[in-house]
Number of protein chains: 2
Amino acid sequence: MTEIIEDVENKPPLHEAIYKKLRLLLETGALAPGQALSLRNLAHSFEGSVTPVRDAVWRLAAEGALYIGPTRRISVPTLSRNQVRELMRVRALLEPEAAILALDNITPEIISQMRAYDAELNKAAMEGNVGEYMANNHAFHFALYSASNSDVLLPLIESIWVRFGPYMRHAYPDVAGMEGVEDHHAQALEALEKRDAIALKRAIKSDIGDGEQFLLHEME
Amino acid sequence: MTEIIEDVENKPPLHEAIYKKLRLLLETGALAPGQALSLRNLAHSFEGSVTPVRDAVWRLAAEGALYIGPTRRISVPTLSRNQVRELMRVRALLEPEAAILALDNITPEIISQMRAYDAELNKAAMEGNVGEYMANNHAFHFALYSASNSDVLLPLIESIWVRFGPYMRHAYPDVAGMEGVEDHHAQALEALEKRDAIALKRAIKSDIGDGEQFLLHEME
DNA sequence: GCTTTATATTTGTTATAACAAATATAAAGA
DNA sequence: TCTTTATATTTGTTATAACAAATATAAAGC
């Protein structure tokens, strides 16, 4: 009998979907720092049971994206000023490295893509649209880092970014006035055009420095 | 009624114990790269059910210590030469940073502790005792990094080290001949005594460079 | 009104069973 | 002997129920 090989929706497991959704909620700042979560509530939200939720939660906890308290309560992590500094320090170490690796594989298409993100990002900043700003800033950076083709660096950098998510939205109620005196994104783009590795590293590093100052400033 | 507050064994959850044991197996090279694991076998080994095993496995998978294949099969990760290089590069970025932070909190006790580990390490190397060598090398490095008091850097560095575990034992069948021309541990200790930050960074970085060369060499 | 106590609810933990997909084994064919 | 097919086994996935600890709520005492 001739069977029709439909390759019907090779559907991913529920825990995978839950992981991605939860991660997105964290990245976009939909969840506030310190906010408590419960397995049953999450299971109900995602219309599943507690088992796949546990998988997703432990995965996120291992990345530092969720916090498991001493009494095993699940919550969105709180960051101290010192932790912010150290996380930004890690960014400043890893991301220039990824950028350098990316330089070998960069294409005009990627650069113009990044320009597009940067334009959207600036527009969003002018309009005070925090969500759009964050999304495009993320896209801008990872369009670059992805070109590194590093399955080691990328997940690490991603995991650091997720940790800032909950603070970004709440720390940036108004991004309109946040343009620094220097546009480090523009500098990065220029460095990419010129294939200037050290200028690229400097631009990325400075951009991260700006982010650190701004976040720390907004934290009080 | 006077209650006797015994604070009876505030026993940790099973999934925590499983996580730690599995992690130790990986760190000490008890599990070979590529080796397959199954939830039921693990559950049976740890005399528990599948649920706590899942928690532990997903946690380790998130750290890159375990690999979940495209068909969701669980296995000990395999490292390509390129991945080894990138992981070592990350070590070379993060560990000197942790060392610098540690420099502010270093005490004579920690230094002498490190000397003790280094002595044990050298003895183990002479005797060809791989397990002892690895354990003391780990202890040496983390005695230093722990002094950084960084709950950001330490877990990150730990997660990188775990990934090498499965390769260490199988790549170092004989550590007897592995002493480099320079003893970077000794240089690190000297730098600690003198509170010489840049010498400390250089020593750590060189030590990691040695490890990289050796591992790559053993990988073919 | 405030603290303390008792009760009720919610929480994470764990074992189990049923299902489907993937893999391994045995059988059959060339 | 080798490839193909059929069967059996193992595998991850998911929902559920029972238990214990932690938290929240209500009641009582002062």
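The model is predicted: local features need pLDDT of at least 70, side-chain atom pairs count only at pLDDT 80 or more, and totals for chains, interfaces and linings use all residues. Residues are numbered from 1 along each chain as its sequence is written, chains are lettered from A in the order in which they are written, and side-chain values use heavy atoms, with hydrogens and water left out.

**DNA strand D**

- Around DNA strand D there are 20 residues (near: a heavy atom within 4 Å), and the closest are Leu14(A), Ser49(A), Thr51(A), Leu39(B) and Arg40(B).
- A polar backbone atom of Ser49(A) is 2.5 Å from a phosphate oxygen of DNA strand D.

**Domains of chain A**

- Chain A is divided into domain 1 (14-75) and domain 2 (81-218), with bounds from an automatic or database domain assignment.
- Their C-alpha centres lie 26 Å apart.
- Between these domains about 930 Å² is buried, 61% of it from carbon and sulfur atoms (accessible area, 1.4 Å probe, lost on being put together, summed over both parts).
- One salt bridge is counted between domain 1 and domain 2 of chain A (a side-chain nitrogen of Lys or Arg within 4 Å of a carboxyl oxygen of Asp or Glu).
- Arg23(A) and Glu158(A) form a salt bridge through their side chains, at 3.7 Å from N to O.

Key:
A polar contact is a pair of N or O atoms within 3.5 Å; within protein, one must be able to donate a hydrogen and the other to accept it, and residues adjacent in sequence count only if both atoms are side-chain atoms. Buried area is the accessible area (1.4 Å probe) that two parts lose on being put together, summed over both.
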